[in-house]
Amino acid sequence: MKAPFIPLNAPYSDTQRAWLSGFFAGMHSHMLHSAGSVNAANARTLFILYGSQTGNCESLANDAAARAKAHGLIPMVKGMDEVEIGQLARMEYLLIITSTYGEGAMPDNAEMLWEAASEDDAPRLENVKYSVLALGDTSYDLFCQAGIDWDKRLQELGATRLFDRVDCDVDFEAPAEKWISEVIPLMAEGATTVSVIDNEAPTAKSAYNRKNPFPAKMLVNRLLTAADSSKETRHYEISIAGSGLSYEAGDAMCVVPTNCPALVADILKALGCSGNEEEPVSGGLMSLSEALRTHFEIKLPSKELLEEIASRSGDQELNALLHNGSKDKLNDYLWGRDILDLLLQFPGIEFSAAEFLRLLKPLQHRAYSISSSSKQHPDSVHLCVASVRYDAHGRSHKGVCSTYLADLVTEHSDVKIFFTPNNSFRVPNDDSLPMIMVGPGTGIAPFRAFLQEREARNASGKNWLFFGDRNAATDFIYREEIEAMQASGLLARLDLAFSRDQAEKIYVQDRMLENGAELYAWLEQGGYFFVCGDAYRMAKDVDQALHDVIRIHGNKSVTEAAEYVNQRRKDKRYVRDVY
Ligand SMILES: Cc1cc2nc3c(=O)[nH]c(=O)nc-3n(C[C@H](O)[C@H](O)[C@H](O)COP(=O)(O)OP(=O)(O)OC[C@H]3O[C@@H](n4cnc5c(N)ncnc54)[C@H](O)[C@@H]3O)c2cc1C
Ligand SMILES: NC(=O)c1ccc[n+]([C@@H]2O[C@H](COP(=O)([O-])OP(=O)(O)OC[C@H]3O[C@@H](n4cnc5c(N)ncnc54)[C@H](OP(=O)(O)O)[C@@H]3O)[C@@H](O)[C@H]2O)c1
Ligand SMILES: Cc1cc2nc3c(=O)[nH]c(=O)nc-3n(C[C@H](O)[C@H](O)[C@H](O)COP(=O)(O)O)c2cc1C
């Protein structure tokens, strides 16, 4: 039966009105749009909370909202950092969509709600009916752990699981779409449904996206590090002219690579295959060599391949690492070891072409933080990428995507790209507020974009950059631009940390501590604190240094400093883009 049309101003009860108005307050316009502007007594609200670092879950939350609306529900999409723990208990119908980061950890925007939900005195959730969609990557040990944790905790707090959790690997679209199409009707069952009219004109969307990447042209591929550097970092400019795509400073661009033909040839040789073997791939037949070049991850071994090699070889070391060893030891073993290393290490194991393909994961895009502002470069996207090249196990190794960009894309070939928005990682709306940016190595990328953005906006707020890399003489990338920004006053402060120019390592966090009093003063002036780059070592140490600065110069206890930092995170004044 068709859902009744509800006029826009149909009455809510006072409680409903107060509750929802609290929620609508501060909601982004696109979310209001997706919620539609409808009121209806007894209409069912479906809360959709997302935990997302790089936008996948946020985008799925919006997909789920559109579907909910089509089923006559009123969807409320919220980032987990926009919700207080006390509000959870009143979300009778709830979807949680979250990714996992770090080592089995919550994405940044979900951390605080998760901490509150984990407390002994967290509110009971007997009234809540929920389901969880978890995004992750099976190459990590703790696959989809954040989603698993939410599912378990909601149960412990008395909530009712209306539909089983779905854990999605890197190819999340199909399982996520299935979950959405199955869970929404359940959430709508027995509800008074409404027809929602949107007041906002739909925004023009490009035909290009993750499922249909844009074939872009490479305009510039320039070496940033000196020829005699121990690193190779490159600046790329990629044209998006004619794509209808647009981006904002803070977003990431994803590149869909193809594999190095020389690595494909070496793998075929190790397998004893010609490459002409025809195999079923993506619903058709494809030669093995083409499949390896374009469809499968042939550098990083999947868990299934490792297990198969361990079981067939009976190798004690590998079996011990996989089944009895510590996670760290397995990671050490795998660091720098690729599929070809394993094939060469165990030549006695024979795989048929079909068997081998079944043990590989699909070739994935890689994300890169955009290093330009569309206000200055509407038709192109700039990236700053460290080429992964190293020698190990008697061979030269190359990272798939960073060297695809460096070596394989020419001005005559296309590079397939799409964007992932990062709505939390943005230049402040208030142009007068200070920005503090910590971005060593390629972490500088989004801050180049932020500074371009501030320049284009003629923003009065002062800007402070902490940058560092190995050696000043060879690795001070974008040096001329940065010094020009300093000279023009766009950069009010610049602090540099070149780690290998002296016997003792000096890192960006050392510079933060040395300048702690001023850093604290900037924070007190409403300054935003941004971090980009290595998630595993740098971002953790910078976080500790931030706590220390606030404790020492704000004259606070450890707990008070942590509360100060948490408040900043909640206000989105401490945000990170780390990988
Ligand atoms: C949101 C986001 C933004 C990002 N932004 C940027 C960016 O702006 N710039 C940038 O350069 N990267 C960025 N990255 C990282 C980027 O996505 C890729 O992970 C990176 O380029 C490596 O990919 P690859 O395909 O070249 O290497 P892969 O083929 O994925 O190989 C990586 C593997 O190589 C091995 N390895 C790497 N280095 C060594 C070494 N020195 N010794 C031994 N083994 C090694 C390890 O096994 C490692 O897992 C970002 C990532 C994310 C998630
Ligand atoms: N797990 C890893 O080993 C790891 C981590 C991050 C990035 N990467 C990869 O390495 C490539 C290059 O990355 P990049 O150019 O962004 O950065 P990077 O080369 O890893 O480092 C940039 C700078 O950060 C310093 N650094 C190292 N540890 C730090 C810490 N705990 N705190 C603060 N600074 C620290 C480095 O010093 P030193 O090198 O002199 O110590 C260097 O001066 C990328 O492809 C990335 O994917 C690997
Ligand atoms: C630095 C980093 C760490 C990650 N750690 C995990 C992990 O521990 N477990 C997991 O299942 N997935 C992990 N992932 C994969 C993400 O969860 C996955 O890419 C997800 O689709 C991201 O969704 P989002 O864009 O909404 O954050 C990690 C990804 C990155 C880049």
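Which side chain places an N or O atom 2.8 Å from an oxygen atom of ligand 3? In this predicted model, local features require pLDDT of at least 70 and side-chain atom pairs pLDDT 80 or more, whereas totals for chains, interfaces and linings use all residues. Residues are numbered from 1 along each chain as its sequence is written, chains are lettered from A and ligands numbered from 1 in the order in which they are written, and side-chain values use heavy atoms, with hydrogens and water left out.

The side chain in question belongs to Ser 99; this pair is a polar contact (N or O atoms within 3.5 Å). Backbone polar atoms also approach oxygen atoms of ligand 3, that of Gln 53 at 2.7 Å and that of Cys 144 at 2.8 Å. The protein buries 90% of the 650 Å² that ligand 3 exposes when taken alone (Shrake-Rupley method, 1.4 Å probe). Around ligand 3 are 21 residues, counted when a heavy atom lies within 4 Å; Ser 52, Gln 53, Thr 54, Thr 100 and Cys 144 come nearest. By class, this shell holds 9 nonpolar, 10 polar and 2 charged residues, with Gly counted as polar and Tyr and Cys as nonpolar.

Ligand 2 is surrounded by 17 residues, the closest being Lys 231, Thr 442, Ser 499, Arg 500 and Tyr 507. The side chain of Arg 500 brings an N or O atom to 2.7 Å from a ligand 2 oxygen, and polar backbone atoms of Asp 469 and Arg 470 lie 3.1 Å and 3.4 Å from an oxygen atom of ligand 2. Of the 880 Å² of accessible area that ligand 2 has on its own, the protein covers 78%. The shell comprises 5 nonpolar, 4 polar and 8 charged residues.

Terms used:
A polar contact is a pair of N or O atoms within 3.5 Å; within protein, one must be able to donate a hydrogen and the other to accept it, and residues adjacent in sequence count only if both atoms are side-chain atoms.
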